[in-house]
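Dear colleague,

Please find below the structure that I am handing over to you. My notes on it follow directly after.

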Amino acid sequence: MFKDNWIHALAELDQRGEPCVMVTVLADRGSVPRDAGTKMLVTRNEIIATIGGGHLEHKAIKLAREMLLTGDRHPRVEHFNLGARLGQCCGGMATLSLEPIGQQQHHLVLFGAGHVAKALIHIVSTLPFRVTWIDQRESEFPAELPLGVTKLVSDDPVGEIRDMPNNSYYLVMTHNHQLDFELAREILNRNDIAYFGMIGSLTKRKKFDYRLSQRGYDDETIRRMVCPIGIDAVKGKHPAEIAVSVAGELIAHYQGMPIADKREASEHDAAATASDDSVDHQVA
């Protein structure tokens with residue numbers, strides 16, 4: 001007996017923000033493994049339910065995973081001759097639909113609930129991110145949060161890093177330089193971060209580089225920290241301007257674009273970057 005448990009699995013995938021392709025037998029003629037209406041879910045790592053196994057299912061899984069890999073959002077319909085095309089003994093005909101469901105969701109851990117973070121949260125909530133927003137100050141969070149954003153009031157923000165999912169994005173925007181430094185150390189201790197950015201000037205970056213190196217972090221590890229953050233094309237010190245710039249960098253990263261090493265910025269670029277005082281004022 002087949003276990004067609006795809007409905008509950010689809011709800012779980014949606015809750016996790018994991019995309020899949022729903023494969024449906026649209027039509028069948030002659031002898032086929034499963035009847036029309038049978039469904040199967042394909043993720044990058046899982047197969048949920050079945051359309052009957054054999055070469056037909058193998059081909060469907062391969063097509064579905066190609067769609068997931070390329071980010072193809074368009075449903076497609078494929079016709080299969082189970083004799084000539086797939087070498088199965090059934091000899092029937094099957095028509096399959098492959099329907100992408102959900103969008104790849106990245107997990108963003110945002111530390112700090114200051115002005116820039118408040119501006120940024122409204123942008124990233126419209127992007128393929130699930131956000132854990134962490135601050136020690138309950139009063140700094142807005143009364144209503146965008147969909148997909150979970151607030152976490154914590155007396156130990158550094159300790160929260162150990163419980164974050166693999167391959168998370170991290171943004172540090174707190175009001176406290178020493179807390180920023182302790183967060184940086186704990187984040188860099190993980191070997192599975194997708195991206196780590198910290199708000200601040202090139203001067204702040206150089207100070208942190210020195211302090212990290214004094215505590216045994218090698219240059220390759222330190223370079224994983226992006227600071228200053230944001231795309232160069234967007235200038236300005238207004239929280240909304242900084243937020244747009246940072247969101248642009250996050251988009252560039254998950255779209256596979258290289259992120260520039262901000263430590264190599266010229267003196268002109270450094271002068272255009274917000275000073276430590278102005279940045280702290282924005283996020284406090």
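Axes here are lines fitted to C-alpha atoms, for helices over the stretch in contact, and angles run from 0 to 180 degrees between N-to-C directions. Helices (H or I, at least four residues) and strands (E, at least two) are DSSP runs, numbered from the N terminus. The model is a predicted one: local features need pLDDT of at least 70 and side-chain atom pairs count only at pLDDT 80 or more, while totals for chains, interfaces and linings use all residues. Residues are numbered from 1 along each chain as its sequence is written, and side-chain values use heavy atoms, with hydrogens and water left out.

Overall description

The protein contains ten helices and eleven strands. Of its 284 residues, 47% count as buried (under 20% relative accessible area, with exposed over 50% and partly exposed in between; 1.4 Å probe, protein chains only). The accessible surface, from the Shrake-Rupley method with a 1.4 Å probe, comes to about 14300 Å², and 51% of it belongs to carbon and sulfur atoms. Contact means heavy atoms within 4.5 Å; among contacts between residues at least 6 apart in sequence, 61% join residues at least 24 apart.

Helices α3 and α8

Helix α3 (residues 115-124) packs against helix α8 (residues 239-254) at an angle of about 50°, and their axes are 8 Å apart. That angle makes α3 oblique to α8, since angles under 35 degrees count as roughly parallel, over 145 as roughly antiparallel, 65 to 115 as roughly perpendicular and the rest as oblique. On the α3 side, the contact is made by H115, V116, A119, L120, I123 and V124, and on the α8 side by P239, A240, I242, A243, V244, V246, A247 and L250. These residues divide into 13 nonpolar, one polar and no charged (Ala, Val, Leu, Ile, Met, Phe, Trp, Tyr, Cys and Pro count as nonpolar, Asp, Glu, Lys and Arg as charged, and the others, Gly among them, as polar).

Helices α5 and α6

Helix α5 (residues 177-188) and helix α6 (residues 202-214) pack at about 55°, with their axes 11 Å apart; the two are therefore oblique to each other. H177, Q178, D180, F181, R185 and L188 of α5 meet K204, F208, R211 and L212 of α6. This contact comprises four nonpolar, two polar and four charged residues.

Residue D219

D219 lies in helix α7 (residues 219-222) and, at 39% relative accessibility, counts as partly exposed. Its C-alpha atom is separated by 8.5 Å from that of D209, ten residues apart along the chain.

With kind regards
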